[in-house]
Amino acid sequence: MTNEKDLIAPQLAEFVTGLGHDDIPADVRTRAGYLILDAVGIALASTQYDFAHRTLTALSGFGAGDGQVIGFGTGLPLRDAVMMNALLIHGLDYDDTHVAGVIHATSAAFPAALGMAADRRLTGREMLSGFIAGMEVSTRLASVAKGGFHQVGFHPTGMIGVFACAMIAGRLTGLNAAQLADAQGIALSMASGSMEFLQDGAWTKRMHPGWAGVGGITAAAMAKAGFIGPKAVYEGRFGLFPIYLDKEHMQAVDMSLATADLGRVWEINNVAIKPIPACHFTHGCADAAMALRAEHGLKPEDIASIRALVPAGVHKTVCEPIETKQTPQNSYDAQFSIPWAVASGLLHGRFGLADLTQEALNDAATLALAGKVTCEDYPDAPFPKYYSGEVIVTLKDGRVLTHREEVNRGNPDRPLTSDDIETKFFENATTAVSQDRATQIRDAVLGLDDLADAHDLASLLAGNPA
């Protein structure tokens, strides 16, 4: 029988409870601040969209509370506010991705850290260290599956995010290591996230990180009260990986990645910030299409056919079924469509929020070009290290033009600079707030180490006076 201390959950619990703020290198804390800044900008931009207003209407039906909602100035019960804020961050699919884990870790971890720290009037340092601890947990756990969850229809942002949120909530409410181990066991029964939204562009993916926050906070509270969770959370007979992965993908699992180099190697540095508001799997081909347009000044009427090469592991997500991907019915369809990303890049030289409006989705020229795009395997793709893409355009005069993006923009090996991230933040934030308020938010987020009370940050983000 496996010694309990050799199990993953107790090791992660010891790490989270034992991590001091000063144990975290300064560059890691700085990087965490920029991840939060990026998330906040996206959340503010999301307040301008219908999905956000409909979700707020639904959650407001449960009553008011002290939890503050980014950009809306609305007070909801703590867990509902966390769910709403996470939905705002993830709602435009513009939020960051941990590359190896293929998980949107910040969208679950930050709302939980903000909500718990604000509720308990903790310092910015306490909030930041809790956030970083949670990020280290979720990115490692997601990496264990090596992209396998997506292949069997599960979305790891929600499934894995619940464990990170349980750790964050537990740390910020003073749980000891044994209680945090129990919290993970309890969270196992709350891990969820179906990929069925891919079939019709449904909105459900947007709620996954927020539901992880609700589950994680609940699991931590139950563990604190003495509720007992199973011990072999991840590796047991009915643990996370054996029950959510089939036999084929279990063969690729590496459980050691869950705890490898904890406190020495910081996975938060391997989180990629998106330059394009769409599934990260589309970025290589989108950039390749833009490059072809810039280099050759292509006209759609001159194009006979287009082949998009993508890693085999992403076909189910962004290429299938091809007929649906060629004619997206809504913005979410388009954000998970290689044909739409390529057509937008070739036709407009961009793939941005402007290409996801209903007017854009009805554009006959873009639809016609997307209908010429087929998907094939990118040979020897270095996935999931890179979300590579290649676009091959055959012209009606017989010429063949090609461009390959092996290392996608925003990847840790080709990162956005701090200036790039701030530019993206202001572009997103100022769709909802003034330049002056956006500047105030930026300064507060990047100055978390000096923040006396996280409640002040929550108030600023919500638009309420402190």
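Student: What makes up the lining of the largest pocket, by class?
Tutor: This is a predicted model. In it, the lining of the largest pocket holds 8 nonpolar, 6 charged and 4 polar residues.

Student: How much space lies in that largest pocket?
Tutor: About 360 Å³. The lining counts 18 residues, and His 98, Ala 100, Ser 143, Glu 267 and Asn 270 are the closest to the centre.

Student: What makes a residue such as Glu 267 a lining residue?
Tutor: The cut-off is an atom within 4 Å of a pocket point. Glu 267 is among the 18 residues that line the largest pocket, so by that rule Glu 267 has such an atom.

Student: Which residues lie nearest the centre of the second largest pocket?
Tutor: Tyr 49, Phe 51, Arg 206, Ser 331 and Leu 356, out of 17 lining residues. Helix 3 (50-60), helix 16 (331-335) and helix 18 (358-361) each give two or more residues to this lining. Helix 16 gives the largest share, 3 residues.

Student: What are the volume and the class make-up of the second largest pocket?
Tutor: The volume is about 260 Å³. The lining divides into 8 nonpolar, 7 polar and 2 charged residues.

Student: Why is the other kind of space called a cavity and not a pocket?
Tutor: In a cavity the 1.4 Å probe fits but cannot get out, whereas a pocket is open. The count comes to 1 cavity of 30 Å³ or more. The largest cavity has a volume of about 110 Å³, so it passes the 30 Å³ cut-off.

Student: Which residues lie nearest the centre of the largest cavity?
Tutor: Val 102, His 104, His 150, Cys 279 and Phe 281, from a lining of 15 residues. By class, that lining has 7 polar, 6 nonpolar and 2 charged residues.

Student: Which residues of helix 3 and helix 4 meet?
Tutor: From helix 3 come Phe 51, Ala 52, Thr 55, Leu 56 and Leu 59; from helix 4, Asp 80, Met 84, Leu 87 and Leu 88. That contact has 7 nonpolar residues, 1 polar and 1 charged.

Student: What makes the pairing in the sheet of 4 strands mixed?
Tutor: The strand order is 6-5-7-8, and the sheet is open. Strand 5 (residues 303-310) and strand 7 (residues 389-395) run antiparallel, joined by 6 bridges. Strand 5 and strand 6 run parallel, joined by 5 bridges.

Student: How do you know that strand 5 pairs with strand 7?
Tutor: Pairing needs at least two bridges. Here 6 bridges join strand 5 to strand 7, so they pair. Ile 303 has Leu 395 as its bridge partner, and Ala 308 has Val 391. On the strand 6 side, Leu 309 stands opposite Glu 376.

Student: Why are strand 6 and strand 8 at the edges?
Tutor: Strand 6 (373-377) and strand 8 (400-405) each have a single partner strand, so one side of each lacks a neighbour in the sheet. From one strand to the next, the twist averages 20 degrees.

Student: Which helix packs on the sheet?
Tutor: Helix 17 (residues 338-348), which touches strand 5, strand 6 and strand 7. Its direction makes about 125 degrees with that of strand 5.

Notes
Residues numbered from 1 in each chain as written. Predicted model: local features only at pLDDT ≥ 70, side-chain atom pairs only at ≥ 80, totals over all residues. Heavy atoms only, no water. 1 Å grid on protein atoms, 1.4 Å probe; cavity = no way out; pocket = protein on both sides within 12 Å on 5 of 7 lines; lining within 4 Å. Points joined across faces, edges and corners; volume = space filled by probe spheres on them. Nonpolar A, V, L, I, M, F, W, Y, C, P; charged D, E, K, R; others polar. Axes fitted to C-alpha atoms, helices over the stretch in contact; angles between N-to-C directions. Contact = heavy atoms within 4.5 Å.
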